[in-house]
Amino acid sequence: MNHYIKITDLPSIASAVQEAIALKLDPYKYRSLGAQKTLVMLFFNASLRTRLSTEKAAKHLGMDVIVLNVTDAWQLEFETGVVMNLDKSEHVKEAAQVISQYADILAVRAFPSLTDKDKDLSEWILNSFVTHATVPIVNMESATGHPLQALADAITIEELKTKQKPKVVLSWAPHPKVLPHAVANSFIEMMQTIEVDFSITHPEGYELNLDIVKDTPVIYDQEEALKDADFVYVKNWSNYKDYGKIISQDPNWMMTKEKLSTAKFMHCLPVRRNVVVEDAVLDSEQSVVIAQSNNRTYAAQLVLKKILENG
Ligand code: CP
């Protein structure tokens with residue numbers, strides 16, 4: 001594997017999940033694989049889990065790690081052919097090549113604008129690094145996808161499922177801020193790949209990108225959708241059609257213990273208590289959010305290992 005931009009970059013998702021579970025049992029088994037190699041992590045946006053779990057994963061593999069918050073560096077220009085006489089001091093063409101001299105793998109987090117749909121769909125920041133860097137790129141959440149989170153989620157379901165083909169529901173939740181579609185997109189793509197009975201529930205008007213949803217059932221009645229669910233993944237996203245808008249904050253869509261019934265509760269975190277999900281769920285045994293965040297380490301470790309093995 002060269003880059004990890006989307007889940008389909010993995011040679012086999014089923015094998016990746018099993019291999020990540022094996023890494024968890026013996027995290028330092030491949031500690032010499034990354035010796036004298038450096039992971040550079042570039043953050044255009046805030047992070048807790050991605051930053052710490054990816055660094056931990058790299059260290060399990062013996063790598064050195066450098067983190068740069070882009071707000072601490074020169075402002076980057078991404079457009080080509082522009083006269084750079086305003087606020088942008090450095091072009092991504094130079095920056096990506098320079099960073100590549102310090103890195104063996106470059107991981108990038110760059111959220112969408114949620115104001116310019118075409119630009120966001122083009123993945124202009126992430127793809128600029130894919131184009132101009134000379135080392136493998138790892139997506140630590142981009143405008144449209146969060147494949148490290150999706151791999152961690154698949155690992156969590158594999159570890160906790162009690163039947164061969166569990167019922168998994170992705171359920172929209174209210175949120176006061178305009179949030180991206182990346183987590184939902186990658187989770188959908190992952191659920192379409194592994195052996196689960198998968199459906200999506202959200203209020204009418206919150207339809208996601210149909211090129212990603214494809215033929216996954218969408219059920220507008222949340223109660224009906226949640227019936228007999230084994231795993232309920234709760235996530236807010238802003239409107240996709242009326243791009244980046246909030247058209248509903250209906251508190252009736254918040255996940256409650258009653259609605260969850262016997263299912264396990266999943267969320268990528270961070271999560272707003274008593275807005276997205278009530279305390280009684282997060283504080284119960286049914287919540288697996290801490291297990292999910294632990295699995296971020298082994299998802300990242302599996303990805304870095306595959307890239308290092310590729311030479
Ligand atoms: N789930 C996730 O990516 O968390 P952070 O934004 O804290 O990295």
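The paragraphs below go through the domains, their interface and the salt bridges of this predicted model.

The chain is divided into domain 1, made of residues 7–145 + 295–309, and domain 2, residues 147–292. Their C-alpha centres lie 25 Å apart. The contact between them takes 33 residues from domain 1 and 33 residues from domain 2.

About 2500 Å² is buried between domain 1 and domain 2, and carbon and sulfur atoms give 68% of that area. On the side of domain 1, Ile7, Leu114 and Asn295 supply 28% of the area buried against domain 2, more than any other three residues.

Polar interactions also cross this interface. Eleven residue pairs are in polar contact between domain 1 and domain 2, with both residues at pLDDT 80 or more. At least two residues of the side of domain 1 that touches domain 2 come from each of H1, helix H2 (49–60), helix H4 (117–121), strand S6 (137–139) and H12. By residue class, that side of domain 1 divides into 18 nonpolar, eight polar and seven charged residues.

One salt bridge is found across the interface of domain 1 and domain 2. Lys24 and Glu159 also form a salt bridge, with their closest N and O atoms 2.9 Å apart.

Side chains of opposite charge can pair when their charged atoms come close. In the whole structure, twelve salt bridges are found. One of them joins the side chains of Glu19 and Lys305, at 2.6 Å from N to O. Glu19 lies in helix H1 (residues 13–25) and Lys305 in helix H12 (residues 289–309), so this pair ties together parts that are 286 residues apart in sequence.

Lys305 and Glu309 are four residues apart in helix H12, so about one helical turn separates them. Glu309 is partly exposed, with a relative accessibility of 42%. Together with Lys306, the residues Glu19, Lys305 and Glu309 are linked in a network of salt bridges.

A further salt bridge joins the side chains of Asp283 and Arg273, at 2.9 Å from N to O. Asp283 lies in the loop between helix H11 (279–282) and H12, and Arg273 in the loop between strand S10 (264–266) and H11, so the pair ties together parts that are ten residues apart in sequence. Asp283 is exposed, with a relative accessible area of 53%, while Arg273 is partly exposed at 41%.

Key
Residues numbered from 1 in each chain as written. Predicted model: local features only at pLDDT ≥ 70, side-chain atom pairs only at ≥ 80, totals over all residues. Heavy atoms only, no water. Salt bridge = Lys/Arg side-chain N within 4 Å of Asp/Glu carboxyl O. Buried < 20%, exposed > 50% of the residue type's maximum accessible area, 1.4 Å probe, protein only. Domains from an automatic or database assignment. Contact = heavy atoms within 4.5 Å. Buried area = accessible area lost by both parts, 1.4 Å probe. Polar contact = N/O pair within 3.5 Å; in protein donor to acceptor, adjacent residues only side chain to side chain. Nonpolar A, V, L, I, M, F, W, Y, C, P; charged D, E, K, R; others polar.
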